[in-house]
Each structure stands twice: as C-alpha cells, then as structure tokens.
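Visitor: Could you walk me through the aromatic rings in this model?
Guide: Happy to; let's look together.

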Amino acid sequence: MRKTSANGWQFFVATLLIVIGVINIGQGLVALVTPEFYIATEANMLFLEYGAWGALLALWGAVLVIAGFSVLSGSTWARVFGVVLAALNIIAQLVFLFAMPLWSLVVIAVNVLVIYGMTAGWPSKAELRDQEAREAEASYRAGYRAAHEKPHEEKARTEKGRHAAEKAGGETREHEQPTS
C-alpha cells in the first residue's frame, strides 16, 4: 500500500469516474422518469425496459462515484475495482447504445480513458520507491548543508557583531555620565 499522496493520474481518473457515475445517475433518472426522451422505443431495446434500465444505471452510477473516491486512496484494490467497473460500464453502455448512440459512445470513450489512466498512466512501485529514495536523499543533503554551512556563517556574523558592540560599548561608556 502506498503511503505517498495522490498523483496527477489518480486525481484525473478519480474525477472521470465520479463524472461518469453522475452521468449514469442522470441517464438512469431520465430513463425512470421520461423514457420517451430516448431514441429507441422499449420494443427496440436489447433487453429490459426503460424502468429497469433506469434503476440499474442509477445504482451503477452511485457505485462508480464511490469507486472514484476510493481511487484517491491510492491502494491497489481501488485501482482494480475502478478498472473492473469501467469495463463493465463499457458493456452496459454498449447495450444502451440503441437508446442514445452518441452519448453512449462518448461515455464509452471516457471509460476507455479511465482504464488507460489506471493501468498505463500509474507509476510502478519501483518508480515510486526510487522517487521516494531520491526525495529522502535530497532532503538529507539539504539538511546536511544547512546544518554545516549556517553555523559558520552565523558564528562569523555573531563574532563581528560582538566585536563591533564591544568596541562601540567601550567608547560609549567612556563618554557616559554616571547616573545617580
């Protein structure tokens, strides 16, 4: 399990999954409430009528939204879960293709992008270990430099300041009037 923060691909894929989920919820609600909105009649549907498709798509959309938020955890199970859901959503959109062809094709394309982002666009564990090692080494070196360079500079400045203060302090004391 990764302990580092989410990278750009994680945010991108999570956002896409959430958007796809919201789109599916919208498709489902429209199928439930206004089935005449769709191009195909219920007789032309491959299987199930619009009411069943509406319930299925709405529930499926909620699961996709949850998957989108789980991808941000960076864990492997969330990635696998997201890939499986995106692949299943492609199949669902293919079946729903008769009802709304262009929109289903757009959603299928976005699902393909999600699958790509969760498989090819993610850094491997070896790359993450190398990056963490480089960051740790850079941190160590910066701290080492700061610890060894600063004291010498500070010491030199402090000694200059003390000499100047002693010199100035000695002169002012000679000219000072005693207070009673």
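Visitor: Which residues do ring pairs link into a cluster?
Guide: The cluster joined by ring pairs consists of W9, F12 and Y116. Keep in mind that this is a predicted model, where local features need pLDDT of at least 70, side-chain atom pairs count only at pLDDT 80 or more, and totals for chains, interfaces and linings use all residues. Residues are numbered from 1 along each chain as its sequence is written, and side-chain values use heavy atoms, with hydrogens and water left out.

Visitor: How many aromatic pairs are there by this rule?
Guide: The count is 3 aromatic pairs. Rings of Phe, Tyr and Trp (its six-membered ring) pair if their centres lie within 6.5 Å; planes under 30 degrees apart are stacked, over 60 edge-to-face, and the rest tilted.

Visitor: Why is the pair of W9 and F12 called edge-to-face?
Guide: The ring centres of W9 and F12 are 5.8 Å apart and the planes stand at 80°, so the pair is edge-to-face. Both residues sit in helix 1 (residues 8-33), 3 residues apart, about one turn of the helix.

Visitor: What makes the pair of W77 and F81 tilted?
Guide: For W77 and F81, the centres are 6.4 Å apart and the planes at 45°, so this pair is tilted. Helix 3 (residues 76-95) holds both, 4 residues apart.

Visitor: Why is W77 called exposed?
Guide: Exposed means over 50% relative accessible area, buried under 20%, and partly exposed in between (1.4 Å probe, protein chains only). W77 has 51% relative accessibility, so W77 counts as exposed. F81, at 31%, is partly exposed.

Note on methods. Helices (H or I, at least four residues) and strands (E, at least two) are DSSP runs, numbered from the N terminus.
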